[in-house]
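Here is a short briefing on pockets and domain contacts. Please keep the structure open alongside the text.

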Amino acid sequence: MTEKNSMFKTPVVMTIAGSDSGGGAGIAADIKTFAAFGVHGTCAITSVTAQNTTGVLETFDLAPEAVASQIEAVCTDMDVKWAKTGMLASSEIIKEVAKQVKKHNLSLVLDPVMAAEAGGDLLKKEALSVLIKELLPLCKVTTPNASEAGALAGVTVKTHEDAKLAARKIADLGVESVIVTGGHIDATDLLYEPVSGTFTRIPGTFVKGGTHGSGCTYSASMAACLARGDSTETAARKAKTFVEQAILRSVPVGKGVGPVNPLANTLEEKERYLALQDVKEAVSILTYSPDFAKLIPEVGCNIGMAIPCARTYNEIAAVEGRIIRFREKAIPVGYVNFGASQHVARVILAALRENPEMRAAMNVKYSEEILEACREINPGISSFDRAEDPGDASTMEWGTSEAIRKYGGMPEVIYDKGAIGKEPMVRLLGKSASEVAKLAVELARRVK
Ligand SMILES: Cc1ncc(COP(=O)(O)O)c(N)n1
């Protein structure tokens, strides 16, 4: 579909920054981030760096005319409203970029890149004052970290009070919004908007992972969200969670600081979609089977599928209200949704800890005959005894771990014979919900 026919006009965003041969920071991070936010990314390369996860080995600055020419080529063809800057190594490049920003009336997010995290200067000492005088006053938002904010404002930034002082001084240079990112303070970002005089705290959590390219990813997220029409505060909140995800799922490559993964956020959406589809497929396998309803226990059954690395119920798709037996038929009560199961989700969370591939499970009725049918099919079978439950965690998580421990590996069938007020139950485990559903249907076929 061309844009003429579509309701939503894809925003075009530009990054004016350096390239990182290691693929972690600079335009590589920016373009991935733009793609993840659904905007069209374009670039004007300012410097080519020979760089990897251990640091910057060499930099080759492009001629200012080469930078100008790239901006011209894009802005005379496409409707670019928002741009971001990253590495601008020299006074000459900064002056040229300032000229182009004015000429094409670009709304600018300025990321005052000064050095690479793993080592290596990216801004010449004498260029800092040119950045402050000529480009900073043209930008809408600047996103320094604590040390960059300190360098721009001429103060030392170690605390929130220092960050506030620095933000005020930077705003006085003619910037509409200053965000001092909190990665080096306490994970809280501070947004200062001088027109209203307000400081907004954007809280976050310290997450473990590679951080190479996190600043670039943050400023690119800001530019993308602003281009999509978000307010500065909304953009700042989105950028914060986006970068946290990118760090959490950073790519373990190289010997130094691992690169962030700006595509982590889109992968999660894709995985959620795939898990939902898989559980829906499993539900149709179960409901179309003429035999399956016999396996539904009194309390009903559920079938669930987790996204990779799931840690909570909300990352496990299952059937709302379970699948019940009604007039010899299996009836799903509600929709397939995340967070719809506790019982089956607990089994999955315990299984995942042992083997990250075991992401699906369902519960079915227990009877000697059903257990016998399991033995005929011959999957791995294990069990636990509720009477041995120490009671300090969820029975389902304890029971699943206990059955796995006893089996010495990953069984596909885990049963327990119940207790007072607890119906005996069989749980089927597998790599996908549809695989588990097929096992259930095969079991049902063998039971009278
Ligand atoms: C081309 C380029 N631009 C920016 C950075 C800063 O990123 P980081 O501080 O994560 O190394 C970098 N290392 N290389």
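How much space lies in the second largest pocket? About 380 Å³, in what is a predicted model.

**Second largest pocket**
- The lining has 19 residues, and those closest to the pocket centre are V299, R322, H343, R386 and M425.
- Two elements each give two or more residues to this lining: α10 (343–354) and α12 (395–407).
- The most comes from α10, with 3 residues.
- By type, the lining holds 6 nonpolar, 8 polar and 5 charged residues.

**Largest pocket**
- The volume of the largest pocket is about 960 Å³.
- It is lined by 43 residues, with E117, N145, T211, S214 and G215 closest to the centre.
- Elements giving two or more residues to the lining include the strands β1 (12–20) and β2 (40–52).
- The helices that do so are α1 (26–36), α5 (146–153), α7 (214–227) and α8 (232–248).
- The lining divides into 19 polar, 15 nonpolar and 9 charged residues.

**Domains and their contact**
- The chain is assigned domain 1 (10–260) and domain 2 (265–444).
- Their centres, taken over C-alpha atoms, are 46 Å apart.
- Domain 1 puts 7 residues into the contact, and domain 2 puts in 5.
- Between them the domains bury about 430 Å², with 43% of it on carbon and sulfur atoms.
- The count between domain 1 and domain 2 is 1 salt bridge.
- A salt bridge joins the side chains of R249 and E268, at 3.2 Å from N to O.

How values were computed
Residues are numbered from 1 along each chain as its sequence is written. This is a predicted model: local features need pLDDT of at least 70, side-chain atom pairs count only at pLDDT 80 or more; totals for chains, interfaces and linings use all residues. Side-chain values use heavy atoms; hydrogens and water are left out. On a 1 Å grid over the protein atoms alone, a cavity is a set of points where a 1.4 Å probe fits but cannot get out, and a pocket is an open set with protein on both sides within 12 Å along at least five of seven lines; lining residues have an atom within 4 Å of a point. Grid points are joined across faces, edges and corners, and a volume is the space filled by probe spheres set on the points. Helices (H or I, at least four residues) and strands (E, at least two) are DSSP runs, numbered from the N terminus. Ala, Val, Leu, Ile, Met, Phe, Trp, Tyr, Cys and Pro count as nonpolar, Asp, Glu, Lys and Arg as charged, and the others, Gly among them, as polar. Domain bounds come from an automatic or database domain assignment. Contact means heavy atoms within 4.5 Å. Buried area is the accessible area (1.4 Å probe) that two parts lose on being put together, summed over both. A salt bridge is a side-chain nitrogen of Lys or Arg within 4 Å of a carboxyl oxygen of Asp or Glu.
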